[in-house]
Amino acid sequence: MTDTRDLFAAVPRSEFDTPGKSRGLIDVVRWRYLLNLLVRTGVTTRYRNSVLGWTWSYVRPAAQFLVFWVVLGIFMDLDRGLPNYAVYLFSGIVVINLFSEGFKNATTSIVGNAALVRKVFLPRQLFAVSAVIVAFVHFLPQVGLLLVVCLLMGWVAHISLLSVLAIFAGMIIVMVFSLGLGLFFGAVNVRFRDAENIVELMLLLATWASPVLYGWTQVQDAIVDRLGWPQWIVEVYMLNPITQGVELFHYAFWRPATEGMVSASGMIDIPPGLAWNTLWTFLIAVGTLLFGQFVFRRLEGRFAQDL
């Protein structure tokens, strides 16, 4: 008869030393069938029992755009020096919406699926990843609406390969950054529900902390010219991954749609070093993802108990 101790000795100790822990984002790929199920569930249940259904994906950003455009662009005259302000504004809003929905839903994904986490073992990162993917699916109709508007303004005549690459680069940077933050705050939120309030505050500031409602040159003028602060503060501001995502969408949509409307004297201000900033902000986003994954894996062993 085989000794029971021999059976346990044949199993790697790591299988018993760290119960309830996965191998991180690698397991998300291995469990992709479950990821697909979570994404489909998140997409189909969002507008369940809703009369307008997917139309809300157009109504919400359109209402948000109209409020900002009327109040800031017309009443407060913030569109000075920004030709085609409507496209400039909307191309930034869709990026902020992608970040906000992905970050917020990833933060609440573990608590929102507490019943599964307590009863069944599965890679808990699946919930955060699926939340970001669902946000991306809801982001697509907004980009489609933006694309239609730009096409009507002659976008095709001025588009380039770099413009197309800028679209994908902006989406990747924002999604990776929101996932990294979502993993970190999602893990902390299991123990301390204050994390949700912190995230709400961060999302409230996100729209104003990036050049969505104003031009980046206004930041340059205010910080360097009026306040007399050093130039490196502006450079740090531009290294915010959300700022870079917004500027990449400005480069991809607003610039081609506006070139035919302005003179050659140059009213379209593209930040210098846009390509290098894209590389650096991508590395910052990846670093945030690695840090968020590290914290998540350190805390996930207690998720079931804390929930």
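# Reading the helix packing and burial in a predicted model

The protein has 17 helices and 0 strands, where helices (H or I, at least four residues) and strands (E, at least two) are DSSP runs numbered from the N terminus. This is a predicted model in which local features need pLDDT of at least 70 and side-chain atom pairs count only at pLDDT 80 or more, while totals for chains, interfaces and linings use all residues. Residues are numbered from 1 along each chain as its sequence is written, and side-chain values use heavy atoms, with hydrogens and water left out.

User: Happy to start with helix pairs. Why are α6 and α11 called roughly parallel?

Analyst: Two packed helices are described by the angle between their axes and the distance between the axes. Helix α6 (residues 85-107) and helix α11 (residues 161-191) pack at about 25 degrees, with axes 7 Å apart. The axes are lines fitted to C-alpha atoms, for helices over the stretch in contact, and angles run from 0 to 180 degrees between N-to-C directions. Angles under 35 degrees count as roughly parallel, over 145 as roughly antiparallel, 65 to 115 as roughly perpendicular and the rest as oblique. The value of about 25 degrees therefore makes α6 and α11 roughly parallel.

User: What is the handedness of the α6 and α11 crossing, and how is that term defined?

Analyst: The α6 and α11 crossing is right-handed. A crossing is left-handed if the near helix is turned anticlockwise from the far one by less than a right angle, and right-handed if clockwise.

User: Which residues make that contact, and what makes them count as nonpolar, polar or charged?

Analyst: Contact means heavy atoms within 4.5 Å. On the α6 side the residues are Val95, Leu98, Phe99, Gly102, Phe103, Ala106 and Thr107, and the α11 residues that they meet include Val174, Phe177, Leu181 and Phe185. This contact has 11 nonpolar, 6 polar and no charged residues. Here Ala, Val, Leu, Ile, Met, Phe, Trp, Tyr, Cys and Pro count as nonpolar, Asp, Glu, Lys and Arg as charged, and the others, Gly among them, as polar.

User: What makes a set of residues a nonpolar core, and which have the most contacts in the largest one here?

Analyst: A nonpolar core is a set of buried Ala, Val, Leu, Ile, Met, Phe, Trp, Tyr and Cys residues joined through side-chain atoms within 4.5 Å. The largest one has 79 residues, and Leu89, Phe99, Phe249 and Phe253 have the most contacts inside it. Its largest share, 14 residues, comes from α11. Leaving aside residues up to four places away in sequence, Phe99 touches Val174, Phe177, Ser178, Leu181, Leu203, Ala206 and Ile242.

User: Why is serine 210 called buried?

Analyst: Buried means under 20% relative accessible area, exposed over 50%, and partly exposed in between (1.4 Å probe, protein chains only). Serine 210 has 1% relative accessibility, so serine 210 counts as buried. Serine 210 sits in the loop between α12 (194-206) and α13 (216-226). Beyond its neighbours within four places in sequence, serine 210 is in contact with Tyr237, Asn240, Ile242, Thr243 and Val246.

User: Why are proline 83 and asparagine 277 given the label buried?

Analyst: Proline 83, in the loop between α5 and α6, has a relative accessible area of 13% and is therefore buried. Asparagine 277, in helix α16 (residues 274-299), is at 14% relative accessibility, so asparagine 277 counts as buried.
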